[in-house]
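I opened the notebook to record what I looked up in this model. The entries below follow the order in which I went through it.

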Protein chains: 2
Amino acid sequence: MTRKYELCGLGNAIVDVIASGTDELLAALDIQKGGMTLIDQMRAQKIYNAMGPGKETSGGSAANTMAGFASFGGKGAYMGKVADDQLGRIFAHDLKAVGIDFFYTPLKGGPETASCLIIVTPDAQRSMNTFLGACVEFSESDVDEAVIRDSQIIYLEGYLFDKDTAKAAYLKATKIAKSAGTKVALTLSDSFCVERHRADFQNLIKNDVDILFANETEIMALYQSKTFDDAVASVRGQCDIIAITRSEKGSVVVTPETMDTVPAAPVTKVVDTTGAGDQYAAGFLFGVSRGMALVDCAALGSLAASEVISHVGPRPEASLADLAHQGLAA
Amino acid sequence: MTRKYELCGLGNAIVDVIASGTDELLAALDIQKGGMTLIDQMRAQKIYNAMGPGKETSGGSAANTMAGFASFGGKGAYMGKVADDQLGRIFAHDLKAVGIDFFYTPLKGGPETASCLIIVTPDAQRSMNTFLGACVEFSESDVDEAVIRDSQIIYLEGYLFDKDTAKAAYLKATKIAKSAGTKVALTLSDSFCVERHRADFQNLIKNDVDILFANETEIMALYQSKTFDDAVASVRGQCDIIAITRSEKGSVVVTPETMDTVPAAPVTKVVDTTGAGDQYAAGFLFGVSRGMALVDCAALGSLAASEVISHVGPRPEASLADLAHQGLAA
């Protein structure tokens with residue numbers, strides 16, 4: 001059976017504000033380096049006032065993945081909540097412009113479209129501060145059942161668990177997917193997010209998730225493991241496919257029967273690591289949607305991640321389809 | 001007498017939306033390549049719908065110049081009109097973040113903050129489509145007399161002449177400057193802008209302007225000259241200092257007594273020419289404000305232009321003060 005969408009992402013719809021900054025600035029603002037911290041409007045104001053001039057660009061973890069998926073040539077949909085404001089229109093435009101169908105009802109009269117204040121330090125590490133804004137209103141009514149039924153795979157952010165309404169939307173989407181034979185993919189999003197929702201994530205992975213994405217820190221946080229090998233032993237067999245990224249060490253793909261290590265793709269200069277995990281998932285899921293071998297899926301993930309960390313911003317600037325063809329030709 | 005500000009810019013306060021595009025896209029949208037076209041909201045919607053994903057960044061010709069001036073280490077102020085909206089707050093933040101004092105009263109209940117839809121073609125040429133939005137409300141009441149009296153030089157965009165209220169503001173600022181011994185600098189902005197206001201500009205240059213910026217096309221349009229040399233002959237002596245940029249041919253600085261050609265600074269790869277003229281003016285005016293020789297002013301202009309065309313976006317990303325020190329050391 002052919003479905004209209006190969007992948008449907010659900011997540012926090014966010015516009016990023018990216019600025020360069022020093023480690024001293026992070027310290028002065030008491031920002032946790034490398035993490036994603038949820039902030040309120042007052043804190044957002046304080047950080048923004050102290051930040052340098054910004055570049056605004058559409059972001060949001062799952063939305064970034066969808067943009068990457070489209071860049072590979074995949075057919076995708078997205079669900080998330082923006083407000084009826086300028087940033088919301090920018091977010092919607094940028095998804096549509098890359099060919100992703102965005103299903104949404106903009107929020108009127110509530111909080112503004114979410115923004116993420118990202119400070120990129122000279123070591124290319126990004127530290128994210130998210131004001132969830134309109135995202136907190138993402139709820140079950142924003143989940144379009146027909147679209148999920150017409151998708152091969154849905155892809156969900158762990159970040160959705162940070163608000164109860166979004167969590168309910170997540171669970172609804174998963175239930176529909178299960179009944180429709182749609183595969184469920186989850187990213188753990190962030191180690192602090194894992195700390196907040198450890199038991200929920202463990203249960204979900206065991207019962208509902210087909211494909212799990214995590215980085216090394218997140219998977220160790222999930223099982224409170226002392227070593228990477230312990231974490232792999234704990235997660236193995238909990239779901240069909242587990243893809244774990246390890247930065248420059250590449251990624252490890254674990255199934256009940258196999259375990260493969262795939263190297264990172266070479267990068268001339270790492271400029272900004274924002275979106276690395278999101279693009280890895282984009283490449284991996286594109287491979288899965290086209291029935292490729294898992295090591296090839298991981299190689300596409302590495303390729304997409306290498307593109308996005310070579311420039312400022314969380315979405316690809318080069319055609320990932322072209323890069324993949326060049327990679328296959330090389 | 002020491003003044004608080006070395007330079008005060010007045011101009012259209014605009015947020016840029018920059019996307020890559022092909023020559024075919026320009027043709028399909030009937031966009032004049034390399035120019036700046038004023039568009040209404042319907043046309044903006046049409047172009048935006050057809051554009052790829054964008055990067056939003058604060059722009060506006062004179063505001064870009066002020067950001068460059070601050071990057072050299074200059075003390076600057078700016079006046080322009082934004083709306084009380086998200087883009088307006090971004091614009092204000094980005095000027096403040098580089099150390100420019102922005103004097104403004106945000107517009108409530110009127111049009112949105114201005115935006116400029118910029119399509120950058122593979123040849124690095126930018127084509128600009130400006131929806132003036134709140135800028136059309138920039139008026140005499142937005143001109144802060146005390147700030148102009150406390151500035152060494154004011155810098156004005158020719159673009160301000162496109163609306164009568166802004167033109168009145170321009171004339172008020174010039175009158176204050178004349179009475180306060182503040183120098184007046186003008187950029188012709190764009191050859192189509194020159195076509196629209198030729199007689200006005202000719203009179204202003206003769207009567208009110210001390211320092212004139214133009215590119216080759218603009219200065220030829222101003223005097224309807226057949227050759228560059230004819231244009232130079234026409235403008236020479238009309239005001240004290242005339243700096244004419246000629247892209248990769250560098251710039252020519254003309255005074256009643258002298259005429260010097262200064263080469264362009266080397267660039268490894270031209271990525272996006274947006275802001276080249278604005279940054280040239282920033283470097284030149286920084287030199288003037290510090291009493292440097294005109295050829296050195298022009299060299300600083302070339303340096304700043306070379307930095308901005310090497311990346312996407314109209315404002316410097318490297319410290320121009322550092323680049324200038326390296327340049328002087330080399």
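Before noting strand partners, I wrote down my terms: two strands pair if DSSP finds at least two bridges between them. Helices (H or I, at least four residues) and strands (E, at least two) are DSSP runs, numbered from the N terminus.

I am working with a predicted model, where local features need pLDDT of at least 70, side-chain atom pairs count only at pLDDT 80 or more, and totals for chains, interfaces and linings use all residues. Residues are numbered from 1 along each chain as its sequence is written, and chains are lettered from A and ligands numbered from 1 in the order in which they are written.

**Entry: the sheet of chain B**

I looked up the strand order in chain B and found an open sheet of 9 strands, 6-5-1-9-10-11-12-13-14, with mixed pairing. Strand 6 (101-103) and strand 14 (259-262) of chain B are at the edges with a single partner strand each, so one side of each lacks a neighbour in the sheet. Neighbouring strands are turned by 20° against each other on average, direction ignored. For angles, I use axes that are lines fitted to C-alpha atoms, for helices over the stretch in contact, and values that run from 0 to 180 degrees between N-to-C directions.

Which residue of strand 14 of chain B stands opposite B:S251? I found B:V262 there.

Helix 6 (residues 164-180) of chain B packs on this sheet and touches strand 1 (5-10), strand 9 (151-157) and strand 10 (183-187) of chain B. Its direction makes about 160° with that of strand 9 of chain B. Contact here is between residues whose C-beta atoms, placed from the backbone, lie within 7 Å.

**Entry: two helices of chain B**

I then checked helix 3 (residues 61-72) and helix 11 (residues 276-289) of chain B, whose axes come within 8 Å and cross at roughly 45°. That makes helix 3 of chain B oblique to helix 11 of chain B, given that angles under 35 degrees count as roughly parallel, over 145 as roughly antiparallel, 65 to 115 as roughly perpendicular and the rest as oblique. Among the residues in this contact are B:F69 and B:F72 of helix 3 of chain B and B:L285 and B:F286 of helix 11 of chain B. By class, the contact holds 6 nonpolar, 6 polar and 1 charged residues. My classes put Ala, Val, Leu, Ile, Met, Phe, Trp, Tyr, Cys and Pro as nonpolar, Asp, Glu, Lys and Arg as charged, and the others, Gly among them, as polar.

**Entry: chain A**

I counted 13 helices and 14 strands in chain A. In its sheet, strand 12 (residues 241-245) and strand 13 (residues 251-254) of chain A pair in the antiparallel sense over 4 bridges, and A:T245 stands opposite A:S251.

Helix 11 (residues 276-289) and helix 12 (residues 294-308) of chain A pack at about 145°, with axes 7 Å apart. Their contact divides into 14 nonpolar, 5 polar and 2 charged residues.

**Entry: where the chains meet**

Last, I looked at the contact between the chains, which takes 19 residues from chain A and 19 residues from chain B. Helix 4 of chain A gives the most to the side of chain A that touches chain B, with 6 residues. That side has 7 nonpolar, 6 polar and 6 charged residues.

Definitions and conventions: Two residues are in contact if their C-beta atoms, placed from the backbone, lie within 7 Å.
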